[in-house]
Every structure is written in C-alpha cells, then in structure tokens.
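Welcome! Please take a look at the structure below, and then read on for a short tour.

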2 protein chains.
Amino acid sequence: MLIESSYEGGGRRGSLYKRFSKEYPYITPEYVVSLGETETPLVEGERGVHFKLDYLLPTGSFKDRGSWAMISALIPHLFGRGLRKIKEDSSGNAGASVAAYAARAGIECSIYVPAGAAGPKTDQIRGYGAELHRIEGSRNDVTKAAQSSAEDGAYVGHIWHPLFRDGIRTLAYEMIEQMGGRMPESVFLPVSAGTLLLGFLAGVQHLRKSGAISSPPHIVACQTEIVSPLFHRWMGLSYTTPASTDSLADALVSHDPPLLDRMVASLKEVDGECVTVGEGELVRAWKELSRKGFFVEPSSAVAYAGLKKKRESQGWGIGESVIVLTGSGLKAKPEALRLLQHDGKRV
Amino acid sequence: MLIESSYEGGGRRGSLYKRFSKEYPYITPEYVVSLGETETPLVEGERGVHFKLDYLLPTGSFKDRGSWAMISALIPHLFGRGLRKIKEDSSGNAGASVAAYAARAGIECSIYVPAGAAGPKTDQIRGYGAELHRIEGSRNDVTKAAQSSAEDGAYVGHIWHPLFRDGIRTLAYEMIEQMGGRMPESVFLPVSAGTLLLGFLAGVQHLRKSGAISSPPHIVACQTEIVSPLFHRWMGLSYTTPASTDSLADALVSHDPPLLDRMVASLKEVDGECVTVGEGELVRAWKELSRKGFFVEPSSAVAYAGLKKKRESQGWGIGESVIVLTGSGLKAKPEALRLLQHDGKRV
C-alpha cells in the first residue's frame, strides 16, 4: 500500500511529517512526535562525491528517520491500550533515537545494549531518561534479552519493526529533491542489520514505480571485513562469526542479521553490489573525512572507505556518488578518537 | 555598512550563504566555506515556549554561524598573503567550529583551550586535525597564550573578531522567518564572552532599522551565578572572580569578557534584561530539557533555567518565548552527564 501512493516532491522546509505526510498515511497528524527532524544537508565533496549529512539529525544519527515514523505511528495504539512504556534493543544509536522520541512523546523507555556499547551513546540514552540494560554476548543475545525480559512495556525492536524501516524512505525522497529531481549514479551505505539499506531501497523502488526515476542508482552496501554477513551471502561464501568481533565500526555489529534474506533479495532487485573494507582502509577513510570537516563515527566512514576502494580498483569511473554519513563523531568511543589526533602531517 | 542593507526574507532552503548572501556582501561566492550550515529547527514546547535547536549545526554548536562567516571572509585575504594557518582560543565549542571550517577550507589550525576543557570538545578539535594547546589559568590567560605564541599563523580569536559575531546575525533572520514574519515576545540566550548576544542583537537591530519589526523582542541574557560579570555590571554591582569557577556550564567561563561594555550598551538599547541562575536551578532545567528529548550541554540549559526562574517570579506572564539551545549534549563532560541518569522517577 505504502509504496503505491504516488510520489510528489515536497520541497517545503519543515519536519519530515510536514514534508512527506502524503507518503505516511498511517501517521495521525495529532500524534506526530517531532524533535526537529528536518532535511539534512547534502554537501559537495571532490570529483562528484556528495556527502549526505544524516548525522545532523536531532539525536546525531540517521535512526531518527525511523524513530520518528515508528513512534508517531505507535503512540495512538499504545495509548489506546493503556501502555506508557516501550522496550528496544540497539548497538546504541537506535536506542538513543528511540529514547529521545519516547521522551518527547512522554512515555517511558527501556533500552538494551551490548555490554561494550560506546560511552557517549549510553550516556545519551540515559540522558533522555531511559533505563539502560547492558547485555553480555552477541548482538542477537541483546535482542533476546529485550524480548524475553519480564519488565513491562511494549517491545518495539527497531530491527524488526517495519514502520522503523519505513521512515527511512524519506532519505530517498530528500536525495532526489536535493539532486534536482534525479538520483546520483551511485549511493554508498554502511550496512549492519539492514534498516538503512532496506528503508532506502523501499524509497528508491517507490520513486521508480511512481515514474520519478527510470532506473535506480547503483547501490553499494558497505561492511567491514570483520562483520560481513551480507557480503558473504552475496558472494555465495559461507560466513562464521569471527573470534575477534572488535571492528572500529562499533555501530555495525550484526553478525547474524534476521533480515539477511530480505537484504539480499532487495539488493538483487536493484542490481546492487556489496563491498567490504579492512580496518586499515576504514581508519584512513575516517581520518580523511574528519580532515575535510566531516566529524562522523567510524561506522559512517565504512561507506566512504567503500567508495575509495572501488575507485582504486575501477579507476575514477564511478561518477556522481552520494555517501550517506550516518552518525556523529561525538558518538565515537574516546579510545577510537585517539586515532584521529594530529600527527604533524596532513592526510 | 552591514546593517544598512535592507533585510529581505530569504525563505530558500540551503546554506547560510545561499539564503543570506545579500546580508554578507563582504563574502566572495567562490570562497564560501560550507559544511552544511542550514536553517536549524524551531520546535514548539509547552505554554508558548519554542526551542531553537542551534546545537544541530554541523559541529554541534551555534558557533558555526560565526565560523562560517569569519572563515569564508578571511580565506581570500589569508591566501593573498600566503597564510595557510590560523590560531584561535576557545573554551571548546568555538575551537571545534573554527577547526572544522579551517579543515574544510584546507588550512591548518591551532586551538588554545583552558586546561579543563571538556574531553568531547578537545577530541573533536583534534579530530578535525587541529593542534591542541591546553593552557592553565583563566580564560583570558588562554587568549593571551594564543595571541603571544611564537607559532606561525594568523590569530583569528573569535571573541575579538567582528566577522565572527556578524555571522550570528543569521540567527535573528532565521527566527523571524520561522515565526512567520514576526519576532517572539521574548528571547532567552546564554551569555559568556558575548558573541551570541552581540551577534543576535545586531541582527535584531537590522530587522528594526529595515522596518521588518517595529520593536525588538524582550532579550534576556542568562548567566550562572558563578560566572556573572554581565549581570553584576548590569545591576551596578561590583564583581570579582569567585574562588570556585567550576559551574556545570563549562562553555560559559568568561569572568572578564573584553566586550563587557559593549554588551551592556547593546542590551540597554533594546531595553533587555539579565538574570542569573544557581547550579541547582541549572541542573533541574538541564534534566527537564533532556527528558523532553532535547539533549544539550549544560551551558545551553542556562537559558531555559532563566526562563523558568522568571516564570516562577512573574507567574506565567512571559508570553511566547524562544530559548536558544546552543550546544549538543554529546559535548558535555561524562562526569556531568551522570547527573542526568535515570533515578526511577519522572522529572
């Protein structure tokens, strides 16, 4: 149903709801929960590269596109059933985002995170007044803990909830507006549990079915070598969780993402591609971004590292590209940030 | 000259330069340095309060309005003289902002900060590739260290530089646009060295002289009791730097601001007001903001604490107000953030 409503450019400055309400008929105007989620800047880099600054959304991460839609849509249903509390699991960014929108909506919130979640993210989650639970084990163990907890409250795990992904369609709508009615040749995204990839692809497919674009941009899903289940499935390789799971990209920790089949199928539909980057490539890309003035968390730099890797292997023939920068550098672990310090030489 | 060009509403979505180029005739289009500084959201709170989210600017602080104008204007002059390095002193936010715009412009940068500057801010400054110098002593000692350093590079201290303040006029222009062509009854600002206050007042006076508004909004300059030189001068009281200078508001540390006389004169011109808040009032206001979903640094909450204090002393008769939220909560010291943790009860 959702993607069958015709797409019409919004163009009006304002909240996501004001600009794209037609595309979200299931959100009731009087229950819209807004924290100032407006269009994020698209800034030109060099040689046809554009950076989409989703780290400037209200909580410092692209997740706000999802939380905005999910929480706005759920509030009347929660209230109707007398529920005033939600539970969510996250590596950190989605938890902070859901906690912020819950706070704005005036409901309580409990967030489950991996034991090693970044300090700035857990401080932020608690800042919004949410209860924080640190869970030992894998990312899926964190999900299980949230789902099976005896604590009251509705489980709204963002990875599973279709309305969270659905909010991320707005990224595709903004991109075509900001590019003047067309899409770039290629789009590079960091991919973990797939909410960004699947949400963005839904938006792209909507634009295609509405006739706004005739073919999709070339979508490049980027992962670290350490956490690369999609890449392995895509290449037909077997994948086992490596012993060391400590990639610098601490927001990309889904070794066994529940929507993996759907990610592969969706990426095939648009004839996309998947690349992985090593930790050294990641650090170099991260440092290069920050030295250009784009202070993002390491996980965001995975997409830029992916572009650099493809450029090196394919010459400069990638054309006009958009790199989605997903999370703020202010959310990075202090020990990771040491890697960015001035060392007396320019990058 | 600057404030004599007539003000015309911009209304176009885009960078500050695209929207307000007419008001900045001294910036040359080909030297504009942009990091995606676009209109910040104005979000409605309760009972006539609006929050202006300047903490969502590119580096997480309102300082980007100033750095954008100052660096864009200076670049051709620096290049013309063969200079490729600047020096700046700051309690943290302006340093991060100047470092970011310098990085974007491709020039080197050296930032002097107080020894106790917040970790996230110094990490961010170094992230942009700037050299960091921690200076013991007062805020003015930090300025002196930057000015007298033997290090090469042009000193562009933002407190002294008129073009930095001049960029902050954009805050007034955005406010009138977002309020639909009028100004709110009152505007609450945190004040330290005065760049925000003086820059905003210059914009307000421009709007008045252009006939866009007939009278200025009621401007309330907010300080902590611990650091309150403007309040004291305003009330005709003598002020001595207190022994303990550790307000939670670590961005408001100017005990002896060089532009104090000008601040008093400008605030008198608009028949403004000055209030101080205690640390307890500050913590309560900060927590209340974060529990509403506005995760800001403590210094930003000083303005909201000022509003709450005036409401308590004057009943609810303040009318429609804008609180300028200046810096991201992700820039707060981890030890300060502990004050926000969930304690089992709602605020």
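## How the two chains meet

Contact here means heavy atoms within 4.5 Å. By that rule, 46 residues of chain B touch 46 residues of chain A in this predicted model. The area buried between chain B and chain A is about 3,700 Å², where buried area is the accessible area (1.4 Å probe) that two parts lose on being put together, summed over both. Carbon and sulfur atoms give 55% of it.

Which parts of chain B touch chain A? Strand E1 (42–44), helix H3 (93–105), helix H4 (119–127), helix H11 (279–291) and helix H13 (334–337) of chain B each supply at least two residues. H4(B) gives the most, with 5 residues. Helices (H or I, at least four residues) and strands (E, at least two) are DSSP runs, numbered from the N terminus.

## A sheet in chain B

In chain B, 6 strands form an open sheet with mixed pairing, in the order E1-E2-E10-E7-E8-E9; two strands pair if DSSP finds at least two bridges between them. E1 and strand E9 (273–277) of chain B stand at the edges, each with a single partner strand, so one side of each is left without a neighbour in the sheet.

Strand E2 (residues 49–53) and strand E10 (residues 321–325) of chain B pair in the parallel sense over 5 bridges. Within this pairing, Phe51(B) has Ile323(B) in E10(B) as its bridge partner.

## Reading notes

Residues are numbered from 1 along each chain as its sequence is written, and chains are lettered from A in the order in which they are written. Local features need pLDDT of at least 70, while totals for chains and interfaces use all residues.

How values were computed: This is a predicted model: local features need pLDDT of at least 70, side-chain atom pairs count only at pLDDT 80 or more; totals for chains, interfaces and linings use all residues. Side-chain values use heavy atoms; hydrogens and water are left out.
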